[in-house]
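Hi,

Here is the structure I promised to pass on to you. Have a look at it first, and then read on for what turned up.

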Amino acid sequence: MLVTAQGPTPAGAPVLTTTVPREYVHRAALSEVFLTGWRHTGAHAFTITAQWPRSHSFYTATAGLHDPLMLCETVRQTFPLLLHTAYGTPLGHQLSWSRFSYALNPHALQVERTPAELELRVTGTGFSERRGIPAAVSLDIAVFRDGTQIAVADTRFGCIAPAVYRRVRADRADLARVFAAIPDPIAPLDPATVGRDSARDVVLGRSDAPGRWPLRVDATHPVLFDHPVDHVPGMLLLEAARQAAHALHPAGGAVLPTSMDITFHRYVEFDSPCWIEARPHPSPGAAPGAFRIDAVQGGEVAFSAEVTAVPPPSPTRPAEAPPA
């Protein structure tokens, strides 16, 4: 475990801000760390601070609004941070994402003249432990910007010790071999079809089947593959769900995913095709931008998402901005 030390702060000195150590959020690039600090507020309650840059190479703004998937990555980073700092889990343990949902107010996402400063109020519940270390934890999160709540999220992760993970992954436990063997990426869809400017950022391949695309995996992508992994990252699957919703949306233009409700059923592996299947949400009265999206590999659903996407509103913040 990393240990940092600080000397005394001189009286009257300004409060200095930095990011948390990249190791605590399982990122390799310092530029991809969004969290800036944390503190206890109760037995299993915490306040975490974060900052969103005005411009990002992958989580790009739409109509002057921050990308909602930047919220997803921010939430993803909260779990390893708390796991290592608040709960004393050694570095090297593997995380397993099982559930995630969020809802946000798109009016509160405008890009301003300075980076967005956020406060996440987090409560941990549903603990299970193994040898004094959390084996699974749920987090309930309320997200605030400038004192106004802009989003809610909840998520559940598992935590697996290195030796156990090696047994679970069996012949896929050799990270270097698995990562080196990832096939070259297939041809992408037209970027405009999925709301992207660059073909490199497209995660859906070409297909003649309406609402069904092969998952496109580019292991050289500097954000989605910030470091070597032995299975398809969860954030890549969220991006696939977003792009599928964009491709099918009846508005036919830019859309923002204002909510997602996601279940990770099993790992998506690199060595066999995975198909992203999308259809309008089957529930009666569902909004025109509501979709059910599945990632299917080997005939089984590995990932499922309910996504609501809407055209971007005018980038102005109302006086009150409750979550969508």
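A cavity here is a set of points on a 1 Å grid over the protein atoms alone where a 1.4 Å probe fits but cannot get out, whereas a pocket is an open set with protein on both sides within 12 Å along at least five of seven lines; lining residues have an atom within 4 Å of a point. Grid points are joined across faces, edges and corners, and a volume is the space filled by probe spheres set on the points.

Please keep in mind that this is a predicted model, in which local features need pLDDT of at least 70, side-chain atom pairs count only at pLDDT 80 or more, and totals for chains, interfaces and linings use all residues. Residues are numbered from 1 along each chain as its sequence is written, and side-chain values use heavy atoms, leaving out hydrogens and water.

On confidence: pLDDT (the predictor's confidence in each residue, from 0 to 100) has a mean of 91 for the protein, with 92% of residues at 70 or more. Residues 1-9 stay under 50, and pLDDT is also below 50 over residues 317-322. Where pLDDT is low, the predicted coordinates should not be read in detail.

(Ala, Val, Leu, Ile, Met, Phe, Trp, Tyr, Cys and Pro count as nonpolar, Asp, Glu, Lys and Arg as charged, and the others, Gly among them, as polar.)

The largest pocket holds about 1,100 Å³ of space. Of the 40 residues that line this pocket, Q94, L95, H227, V229 and H231 lie nearest its centre. The lining divides into 22 nonpolar, 10 polar and 8 charged residues. β3 (94-104) gives the most, with 5 residues, while α1 (68-85), α2 (162-169) and α4 (234-248) are among the elements that each supply at least two. Helices (H or I, at least four residues) and strands (E, at least two) are DSSP runs, numbered from the N terminus.

α4 is mostly covered, with 13 of its 15 residues buried (under 20% relative accessible area; exposed is over 50%, partly exposed in between, with a 1.4 Å probe and protein chains only).

A63 counts as partly exposed because its relative accessibility is 47%.

Best wishes

Terms used: Contact means heavy atoms within 4.5 Å.
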